[in-house]
Amino acid sequence: ELEQKLEEVRAPLPDTRVKFLSDTERLEREIAGVGEIIEEELPTVPRYDLMKSVVAFGKRGQAPGELLSPVCVAIDDHTGSIYVAEGEGSRISVFSETGDILTTIKLQHMPSPWGIALHRDNIYVTDYWTHAVLHFKMKQQIRHVATFGRGRGSSDKQLNYPLGLTVSTDGDVFVADCDNHRIKILDPSLRFKRHVTHQSMKKPRDVKLTRDEMYVLCDDSPCVRVFSHAGEMTRSLVTMGDEMQVSNAYFFCLDAQQNLLISDYGAHNVKIFSKDVTCLHTVGQEGHGRGMLYQPRGVALTKDLNLVIVSNNKNFRLQIFSCK
């Protein structure tokens, strides 16, 4: 039934096996026009006005395919697999778009995975309670290769409640170092490079990058601030605590036009804002039924701009909305 619903809104679905692509394979896909280099055939503006619930999957539990406090979500642009950080499960669960469980990644001694980001064959995960970032490689099998963080603190080699993170095109890892009020930048092997901080950067919760700018979601109002990669603030967007804008949020994502999709934890919905802070659309409402959200956390947009994936935190499931 889930497969039939998804077939109505997008092209044929990927294989339900976890796929690990080598750098050579990824380059071949890019040259062929199905990867990161050639994007002319992809739509540039999602039809947010057409958003509707397509499927939801997951339930509360510890068995494979069940979820314990799903927090952040990330999508593999090449395979379509959905990676979910479970805030109370000490693991990452990987699903197909139809809800089939593909694999789980156990996180030893990491009780609260929070943020997750993918880049080529790399997985990066923050852990809130151990103040760390973990690095995994996806080749033949998923293996842990590095950890950054030496206990809670403010030194170059420490974090203080890290939350969201993202990866630049050259592989640098940008981490929202929440209680240090800064963005920490690490190289692809998790070696410290530098900090970005600003007097207006209060308790950053999530961070996203464009070619020239860094968008930071903060725990105050206005809640989204835009900086140059060097740390110079250029503008503020979106008000926190305003019912007409955002009640409370931990994660957001950007589309190709720099529209913001913000998962509003307090209002139980996802709000889409244009660059000029016009609210384009709101999807979801408080509840437990079809298409409803309860304290949503993570939000991600598929590369073809057809599907919005939301971690429906206190409903213990993933909710998928179609933009088509």
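The legends below accompany close-up views of a predicted model.

Residues are numbered from 1 along each chain as its sequence is written, and side-chain values use heavy atoms, with hydrogens and water left out. Because the model is predicted, local features need pLDDT of at least 70 and side-chain atom pairs count only at pLDDT 80 or more, whereas totals for chains, interfaces and linings use all residues.

**View 1. The chain as a whole.** The secondary structure comes to two helices and 24 strands, where helices (H or I, at least four residues) and strands (E, at least two) are DSSP runs numbered from the N terminus. Of the 324 residues in the chain, 56% are buried, a term that stands for under 20% relative accessible area, with exposed meaning over 50% and partly exposed in between (1.4 Å probe, protein chains only). Among contacts (heavy atoms within 4.5 Å) with a separation of 6 or more, 45% join residues 24 or more positions apart. The accessible surface of the chain comes to about 13900 Å², and carbon and sulfur atoms hold 46% of that area; accessible areas come from the Shrake-Rupley method with a 1.4 Å probe, and for residues only the protein chains shown count as cover.

View 2. In soluble globular proteins, nonpolar side chains tend to be buried together. When its neighbours within four places in sequence are left aside, Ile116 is in contact with Cys72, Val73, Ala74, Tyr83, Ala85, Ile92, Ile123, Tyr124, Val125 and Leu165.

**View 3. Cysteines without disulfides.** A search of the whole structure finds zero disulfides, a disulfide being counted here as a pair of cysteine sulfur atoms within 2.5 Å. The sulfur of Cys72 has its closest cysteine sulfur in Cys253, at 9.9 Å, which is too far for a bond, and Cys72 is buried, with a relative accessible area of 7%. Cys223 is likewise in no disulfide, since the nearest cysteine sulfur, that of Cys218, is 8.2 Å away; Cys223 counts as buried at 0% relative accessibility.

View 4. Eight aromatic pairs are found in the whole structure, where rings of Phe, Tyr and Trp (its six-membered ring) pair if their centres lie within 6.5 Å, and planes under 30 degrees apart count as stacked, over 60 as edge-to-face and the rest as tilted. The rings of Phe57 and Phe95 have their centres 5.4 Å apart and their planes at 45 degrees, so this pair is tilted. The pair links distant parts of the chain, with Phe57 in strand β1 (residues 52–57) and Phe95 in strand β4, 38 residues apart. Phe57 is buried at a relative accessible area of 7%, and Phe95 counts as buried at 0%. Tyr250 and Tyr265 form an edge-to-face pair, 5.5 Å centre to centre with 85 degrees between the planes; Tyr250 lies in strand β18, and Tyr265 lies 15 residues apart from it in the loop between β19 (260–264) and β20 (269–273). Both tyrosines belong to one aromatic cluster, formed by Trp114, Tyr128, Trp129, Tyr161, Tyr250, Phe251 and Tyr265.

**View 5. Gln158 in its loop.** Gln158 lies in the loop between β9 (141–148) and β10 (162–167) and counts as buried at 18% relative accessibility. Beyond its neighbours within four places in sequence, Gln158 is in contact with residues including Phe148, Asp177, Asn180, Arg182 and Lys184.

**View 6. Phe252 in strand β18.** Phe252 lies in strand β18 and counts as buried at 1% relative accessibility. Phe252 and Ile262 are ten residues apart in sequence and 4.3 Å apart in space, C-alpha to C-alpha. Not counting residues up to four places away in sequence, Phe252 touches Asp206, Val207, Lys208, Tyr215, Leu217, Leu260, Leu261, Ile262 and Val299.
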